[in-house]
Amino acid sequence: MTVFSAYSDEDILSYLQDQVKDGTVHTDEAMLKKQSFNPNASGGETGLARAFVEVASVEDIQGVLRAARKFHIAVIPQTAFSSTVIGSDGIDGAIILSTRKMDQILELSKEDSVAVVQPGVVNGDLDKAARKEGLFYAPDPGSKPFSSIGGNVSTNAGGMSTVRFGATKDNVLGLKAVLADGRVVKLGGRTLKQAFGYDLTQLFVGSEGTLGIVFEVTVKLMPIPLGKSVMGVAFFDDMSALAKGVSAIRMSGVYPTMLEALDGNTVIALDRFEGTHYAENSGSMLIFRLDGSSDESVGVLNDLLAKYNGQHVQVTTDPDEQAALEKLRQDMLPAVFSGNNHLMEDMAMPLSKLAPMMDYLQELGKKLGIKIYTAGHAGDGNVHPTFTWSEDEDEVPEVVIEALRQTFWKTLELGGTISGEHAVGMLKNQWNNPELGETVDVLQHQVKTLFDPMNLLNPKRKID
């Protein structure tokens, strides 16, 4: 089919260059490939962008969107580019709008217990800055050392301490964004309570860049707890037994900061990776942490571990030993990924269904003859099964795809969600109807159309 374009590529790029006054427009192929194809994402390459724009101001963002509207070009918001669900990869001919250079902590108020940051601020850097003031930023995804606040807001990132302090949405008080039509909106504020109007702040959290370009975020900071920090490990016969123990701890009133679960396959992989011998103890491992704890709370925890047949319990208050345990959890993914092709998934379950889900995954692996490594943030019901296959196979085997399909359907059957904290991207956007239902699926599209009627912002991500 012959297409007569009104504008040439040169026309489009020249106009785009004119709109970006403070930032940088990149069009060289090496940069475009680097920013279009994310090696962290599963599912292969999606498309090569036309331009990669590092914006440095609100005016730059408005300029990029002005060009997008004029030429009907998709805009892909991007910051640290660490999405695992094809959430910010390139699309053929699109403009990637990167806010990674907007990386300033604009304010850190101890009096109000808030920080105001640009989207490019790294999560871990904000936490370090807050701790210098006797505060901390609670959300701690595994990507904390390198993921950005903008990306965390986009995906509603969670992490190990969600069990106590909530996910990103529970720690965002307000934000500012540029809409697809160029208007600037201020949503929420810096108060801990706000009941005026519809809560558009929370609508933007987790929207994956499909509603607007966030350029400023106001987050809640917490005081560092008094009392001692206690960390430890316990071993259980299997993940189902571990899940029952976690449920009891969760409801005991000790308020754990971390309850991380690793199944037997994962513990074996860690032993192989670290040169340790944890797998000799039992079939699964629980890593736990209590911050601001008392002797009474530690006693309750020990009693519950004993009641639910926790074995080889080790507890420490030594900072170096705690750091070693934290590293053990952080090394879980490289240990599992080593020597395998892999797909790591992200479901969240009602706490009462965590044990049945653990049992199901174990049986599914046996039934289909594949290796599944299961870990997760057990305290908030977040399950991360990793489906692996041989490095000799480039394509995802059909048996792994079938395992994913059956896992998703089982998750929904048990009342869970197939995306707890990694977002939807393009990997799961075909599951909106099964998870949300037909009526809510339509409402999702109506909301998208209201904010972005030309469907320019991150199309095909979040919702199909």
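Visitor: Which helices and strands do the buried residues of H13 pack against?

Guide: A word on terms comes before the case. Helices (H or I, at least four residues) and strands (E, at least two) are DSSP runs, numbered from the N terminus, while buried means under 20% relative accessible area, exposed over 50% and partly exposed in between, with a 1.4 Å probe and protein chains only. The buried residues of H13 pack against helix H8 (239-250), strand S17 (347-348), strand S18 (371-377), strand S19 (382-390) and helix H14 (398-413). This is a predicted model, in which local features need pLDDT of at least 70 and side-chain atom pairs count only at pLDDT 80 or more, whereas totals for chains, interfaces and linings use all residues. Residues are numbered from 1 along each chain as its sequence is written, and side-chain values use heavy atoms, with hydrogens and water left out.

Visitor: Which residues of H13 are buried?

Guide: An α-helix has 3.6 residues a turn, so residues three or four places apart point the same way. In H13 the buried residues are Leu 354, Ala 355, Met 357, Met 358, Tyr 360, Leu 361, Leu 364 and Gly 365.

Visitor: What span should the 15 residues of H13 have?

Guide: The expected span of a helix is 1.5 Å times one less than its number of residues. For H13 (residues 354-368) that gives 21 Å, and its end C-alpha atoms are 21 Å apart, which agrees. After the helix comes Gly 369, with a positive phi near 70°.

Visitor: At what angle do the axes of H13 and H14 cross?

Guide: Axes are lines fitted to C-alpha atoms, for helices over the stretch in contact, and angles run from 0 to 180 degrees between N-to-C directions. Angles under 35 degrees count as roughly parallel, over 145 as roughly antiparallel, 65 to 115 as roughly perpendicular and the rest as oblique. The axes of H13 and H14 cross at roughly 155° and come within 11 Å, which makes H13 roughly antiparallel to H14.

Visitor: Which residues make that contact?

Guide: Contact means heavy atoms within 4.5 Å. From H13 come Met 357, Tyr 360, Leu 361, Leu 364, Lys 367 and Leu 368, and from H14 come Val 399, Ala 403, Gln 406, Thr 407, Lys 410 and Thr 411. In the classes used here, Ala, Val, Leu, Ile, Met, Phe, Trp, Tyr, Cys and Pro count as nonpolar, Asp, Glu, Lys and Arg as charged, and the others, Gly among them, as polar. The residues of this contact divide into seven nonpolar, three polar and two charged.

Visitor: How are H8 and H13 placed, roughly parallel or roughly antiparallel?

Guide: Their axes come within 8 Å and cross at roughly 165°, and H8 and H13 are therefore roughly antiparallel to each other. Met 239, Ser 240, Ala 243 and Lys 244 of H8 make the contact with Leu 354, Ala 355, Met 358 and Asp 359 of H13. These residues divide into five nonpolar, one polar and two charged.

Visitor: Which residue other than glycine has a positive phi near 75°?

Guide: That is Ala 423, which lies in the loop between H14 and helix H15 (432-436) and counts as buried at 7% relative accessibility. Lys 460, also not a glycine, has a positive phi of about 70° and is placed in the segment after H16.

Visitor: Is Lys 460 buried or partly exposed?

Guide: At 48% relative accessibility, Lys 460 counts as partly exposed. Asp 452, found in the segment after helix H16 (438-451), counts as buried at 2% relative accessibility.
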